[in-house]
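These are my notebook entries on a single protein chain. I record below what I looked up, one topic at a time.

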Amino acid sequence: MKIAVIGGGNGSYAAAADFAEAGHDVRWWRRDPESFSDIAVAGGITLTDHKGSRHVAVVPSDDLAAALDGAELIVAPTPAFAQEDIAARLAPHLADGQVIYLPPGTFGSYIMMKCIRAAGSTADIAIAETGTLPWLTRKQGPLEVRVTTRASRLPTGVLPARHTERAIAAIAEAFPASIEPLDDALSGALMNAGPIIHPPLILMNAGPIEHFERWDIHNEGTQPAIRRTHTALDNERIAIREALGYGAPHFPLADHYETSNWMYGNLAHDKLVGSGDWHENLDLKTHRYMLEDIGLGLAFLVSVGEWAGVPCPVASGLLAIAGAVAERDFRKDGRTMETIGLAGDSRDKVQTMLREGL
């Protein structure tokens with residue numbers, strides 16, 4: 001399969017390595033091509049996982065048009081705040097039938113489709129998004145990525161939903177995990193685990209995060225009080241999903257900690273803690289957990305709850321505290337139904353857009 005991988009972060013490294021090792025024709029592009037110079041010289045990267053470490057041949061490209069030419073699947077595991085810029089760059093090169101996959105998306109499927117259409121592209125594409133990054137992974141420098149575990153279940157929504165069958169088939173060729181189709185892209189956005197797991201972890205650990213040079217929010221930072229907050233926050237997410245007519249399974253976060261039913265399967269939290277890769281320095285004003293998972297993801301969740309008439313006091317409270325910590329107004333500057341232009345639309349109008357596209 002011809003797959004274009006977009007980005008140079010943890011997920012993009014893991015994607016490029018996994019797809020290349022599986023025998024796919026991988027075209028790897030990022031906005032800063034100079035950062036790939038070491039990989040170009042080395043002819044690939046080192047992939048480390050439960051099988052050990054090995055070299056995977058994959059050569060990045062500085063030509064986006066060539067990377068996208070003939071690509072059946074475009075995988076963009078980039079931070080959500082990069083989606084608008086990436087969409088504008090992709091737009092001139094997209095062709096009918098291509099599928100873009102955002103793992104996860106934070107309703108980036110709508111954001112990117114809107115940007116692509118605004119840029120003049122009429123390509124009949126599908127954009128899909130899921131609830132988590134398919135890899136628990138961290139780069140170990142410019143030439144190595146370590147994958148602690150891979151997702152075993154990826155609930156995925158597609159925009160427009162009328163292309164769900166075709167999009168899911170393309171994505172399933174690239175991922176050995178079970179790709180589970182959802183009703184639409186908004187359902188996929190409301191599966192996003194980042195805005196549920198990370199806000200309590202960074203806000204309720206704010207003291208030790210700022211005191212210690214390095215702090216593991218998943219090890220020392222995951223205490224019973226925080227888990228109780230996780231549960232309350234996740235219950236609000238599930239209530240919003242149910243109010244919008246989305247049925248189970250809702251992939252409750254509790255399953256990540258307590259069962260083998262969640263997206264990463266068995267013992268994922270234990271593997272995450274055991275790796276030591278998340279014992280790190282976190283700047284509470286600039287880290288992705290704040291700017292993406294709260295500023296975009298949690299702000300979006302709160303706004304959808306308000307749009308759907310579902311009370312979400314825990315989510316709203318965490319969003320307010322985050323704004324104080326980061327000295328930002330996430331309701332004004334974040335990703336909300338208001339800022340993306342859907343707050344005034346009826347449910348019927350939004351559902352039609354989700355089904356038919358823009």
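Predicted model: local features only at pLDDT ≥ 70, side-chain atom pairs only at ≥ 80, totals over all residues.

**Entry 1**

Leaving aside neighbours within four places in sequence, I found G70 in contact with K2 and Q98. G70 is in the loop between α3 (64–68) and β5 (73–75). I noted its relative accessible area as 41%, so G70 is partly exposed. I also looked up the distance from G70 to A95: the C-alpha atoms are 8.3 Å apart, and the two residues are 25 apart in sequence.

I then turned to E72, which is found in the loop between α3 and β5. E72 has 37% relative accessibility and therefore counts as partly exposed. Not counting residues up to four places away in sequence, E72 touches M1, K2, Q98 and V99. From E72 to I116 I recorded 17 Å, C-alpha to C-alpha, for a separation of 44 residues in sequence.

**Entry 2: I127**

Is I127 buried or exposed? I found a relative accessibility of 0%, so I127 counts as buried. The residue is placed in strand β7 (residues 126–130). Which residues is I127 in contact with, leaving aside its neighbours within four places in sequence? I listed I100, L102, S109, M112, M113, I116, G157, V158 and L159. I also checked I127 against E21, which is 106 residues apart from it along the chain, and their C-alpha atoms are separated by 25 Å.

**Entry 3: Backbone angles**

Most residues other than glycine have a negative phi, and most peptide bonds are trans.

I looked up two cis peptide bonds. The bond from P103 to P104 is cis, with omega near -10 degrees. P104 lies in the loop between β6 (99–102) and α5 (108–118). The bond from L159 to P160 is also cis, with omega near -5 degrees. P160 is found in the loop between β10 (153–159) and α6.

I next looked up two residues with a positive phi. T106 is not a glycine, yet its phi is positive, at about 55 degrees. I located T106 in the loop between β6 and α5. Its relative accessible area is 4%, so T106 is buried. E327 is not a glycine either, and its phi is likewise positive, at about 55 degrees. I placed E327 in the loop between α14 and α15 (330–333). With 59% relative accessibility, E327 counts as exposed because the cut-off for that class is over 50%.

**Entry 4: The buried side of α6**

Which residues of helix α6 (residues 164–174) are buried? I wrote down T164, A167, I168, A170, I171 and A174. These residues cover an arc of only 160 degrees around the axis, which means that they are on the same side of α6. I set the general rule beside this. An α-helix has 3.6 residues a turn, so residues three or four places apart point the same way. I then examined the face of α6 turned away from its buried side, and there I found the exposed residues E165 and E173.

**Entry 5: Helices α10 and α14**

I looked up how helix α10 (residues 224–243) and helix α14 (residues 313–326) are arranged. Their axes come within 8 Å and cross at roughly 115 degrees. Angles of 65 to 115 degrees count as roughly perpendicular, so α10 is roughly perpendicular to α14. Which residues meet in this pair of helices? On the α10 side I noted T229, A232, L233 and E236, and on the α14 side P313, V314, A315 and L318. I sorted the residues of this contact by kind: six are nonpolar, one is polar and one is charged.

**Entry 6: Cysteines and disulfides**

A disulfide is a covalent bond between the sulfur atoms of two cysteines. How many disulfides did I count? The count came to zero, with sulfur atoms within 2.5 Å as the rule. I also looked up the accessibility of C115 and C312. C115 has 18% relative accessibility, so it counts as buried, the cut-off being under 20%. C312 has 5% relative accessibility and therefore counts as buried.

Terms used. Residues numbered from 1 in each chain as written. Heavy atoms only, no water. Axes fitted to C-alpha atoms, helices over the stretch in contact; angles between N-to-C directions. Helix = DSSP H or I, 4+ residues; strand = E, 2+ residues; numbered from the N terminus. Parallel < 35°, antiparallel > 145°, perpendicular 65-115°, else oblique. Contact = heavy atoms within 4.5 Å. Nonpolar A, V, L, I, M, F, W, Y, C, P; charged D, E, K, R; others polar. Buried < 20%, exposed > 50% of the residue type's maximum accessible area, 1.4 Å probe, protein only. Arc of directions from axis to C-beta.
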